[in-house]
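Subject: Structure handover, helix packing and ring pairs

Hello,

The structure is pasted below for your files. My notes on helix packing and aromatic rings follow it.

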Amino acid sequence: MQIGVVGLGRMGANISRRLMRAGHSTVVWDASTAAVETVGKDGATTASGLADLVSKLSGSPRAVWIMLPHGKITEDTIDTLAGLMAPGDIIIDGGNTYYKDDVRRGKALAAKGLRYLDVGTSGGVWGLERGYCLMIGGDADAVRHLDPIFAALAPGLGTIERTPGREGRDPRAEQGYIHAGPVGAGHFVKMIHNGIEYGMMQAMAEGFDILRNRASAKLPADERFEMNMGDIAEVWRRGSVVTSWLLDLTAQAMARDEALEAFSGVVEDSGEGRWTVEAAIEEAVPADVLAASLFVRFRSRQEHTYAEKVLSAMRFGFGGHVEPPKT
C-alpha cells in the first residue's frame with residue numbers, strides 16, 4: 001500500500017522506514033528539508049509540502065499519517081490536509097493528542113466526507129526494530145482498509161507466549177494492535193497507558209532510591225549496606241516478577257554509569273499523565289499512584305533526588321527524551 005507520512009522526527013521517520021521494509025511505499029514531508037532528504041535516501045518518495053504530498057498519493061482512498069507534537073502544529077496540518085483531500089480519504093493522527101480533540105476533529109472532518117483515525121502509538125525510538133504497539137480509534141471500515149499498514153507497523157507475535165483462553169477473540173491484539181472503538185478511543189487508551197507508565201516508572205525509581213540510600217550515615221553502622229545498583233537492576237531482569245522493558249532500560253543506563261551523573265534529575269511530563277488524572281476526576285475513579293507520580297515530576301523541577309535521575313534515564317531510554325542539562 002501507499003501512505004503519506006507527515007513529520008519525520010524520532011518516530012515518524014522510522015514509521016516510514018518500517019513500512020518500506022514491509023514492502024509498502026511512503027510519500028514523506030517534514031518542515032526539515034534534511035529530514036526529508038534522509039528518509040528519501042532510504043527509499044521514500046519525497047514531497048516539498050502538504051499539497052505536493054497529497055498530489056503524489058495515488059488510488060482511492062488516500063491516507064496520510066501525521067506524526068507531530070500535539071497542539072497547534074497538528075491542528076494546522078489537519079486543517080490544511082482537509083482542504084486538499086477528497087471525500088472518503090483518511091487522515092491519521094499518530095501523535096499523543098488529547099482524545100477530546102480527536103472527537104471534535106472527527107466530527108468536523110466527517111462533515112467534509114473525510115475519515116479520521118486516532119492512533120495511540122507506543123514504541124518510541126525502538127519502533128523500527130521492535131515494532132509499534134497501536135491503539136486505534138475511528139471508523140471500522142477505514143481501520144479495515146489500512147490493516148496491512150497497521151500489521152506492518154505492529155510487532156507481531158514475536159517470542160511472547162500466547163495468552164491461554166484467547167481462542168476466538170480478535171487476533172489483532174496479540175499481533176500488537178487493536179481497534180479500540182470510535183474516534184477518540186485510540187488516544188484515550190494510549191493516554192491511560194502512559195498514565196500507568198508514570199506510576200510504574202515512579203515505583204521503580206523510588207525503589208532504587210531506597211536501595212541507594214541504605215548506605216546513609218544516618219543509619220546504624222551494622223544496618224548500612226553498600227548496594228550495586230547496576231547489578232540489582234540486572235538480576236531483577238532475570239526471572240523476577242518486576243521484569244519489564246523499563247527495567248531493561250534502567251539496567252542499561254546503570255551499566256554505563258551507576259550514579260547516573262549525566263542526568264540532572266529534572267523530569268518533564270508530556271501531557272498524558274495530566275490528562276489521565278483529569279479523566280479519573282471526571283469519572284470519580286481513585287488514582288492515587290498515578291496522581292502522585294505526576295506530582296513528583298512537578299517537584300523534580302525544584303529539587304532532585306536519585307529517583308528522578310532514574311526516571312530521567314528511563315525516559316531517555318525509551319523515547320530519547322532529553323531533560324534540561326545539569327547546571
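H10 and H11 are oblique to each other, as their axes cross at roughly 135 degrees; angles under 35 degrees count as roughly parallel, over 145 as roughly antiparallel, 65 to 115 as roughly perpendicular and the rest as oblique. Helix H10 spans residues 185-212 and helix H11 residues 229-236, and the axes come within 11 Å. Helices are DSSP runs (H or I, at least four residues) numbered from the N terminus, and axes are lines fitted to C-alpha atoms over the stretch in contact, with angles from 0 to 180 degrees between N-to-C directions.

This is a predicted model, where local features need pLDDT of at least 70, side-chain atom pairs count only at pLDDT 80 or more, and totals for chains, interfaces and linings use all residues. Residues are numbered from 1 along each chain as its sequence is written, and side-chain values use heavy atoms, without hydrogens and water.

Phe-208, Leu-211 and Arg-212 of H10 touch Met-229, Ile-232, Ala-233 and Trp-236 of H11 (contact: heavy atoms within 4.5 Å).

Within the ring pairs (centres within 6.5 Å, using the six-membered ring of Trp; planes under 30 degrees apart are stacked, over 60 edge-to-face, the rest tilted), Phe-208 and Trp-236 are tilted, with centres 5.4 Å apart and planes at 50 degrees. The two residues are 28 residues apart in the chain. Phe-208 is buried at 0% relative accessible area, whereas Trp-236 is partly exposed at 31% (buried is under 20%, exposed over 50%, partly exposed in between, 1.4 Å probe, protein chains only).

The count of aromatic pairs is seven. Tyr-98, Tyr-99, Phe-188 and Trp-275 form one aromatic cluster.

Regards
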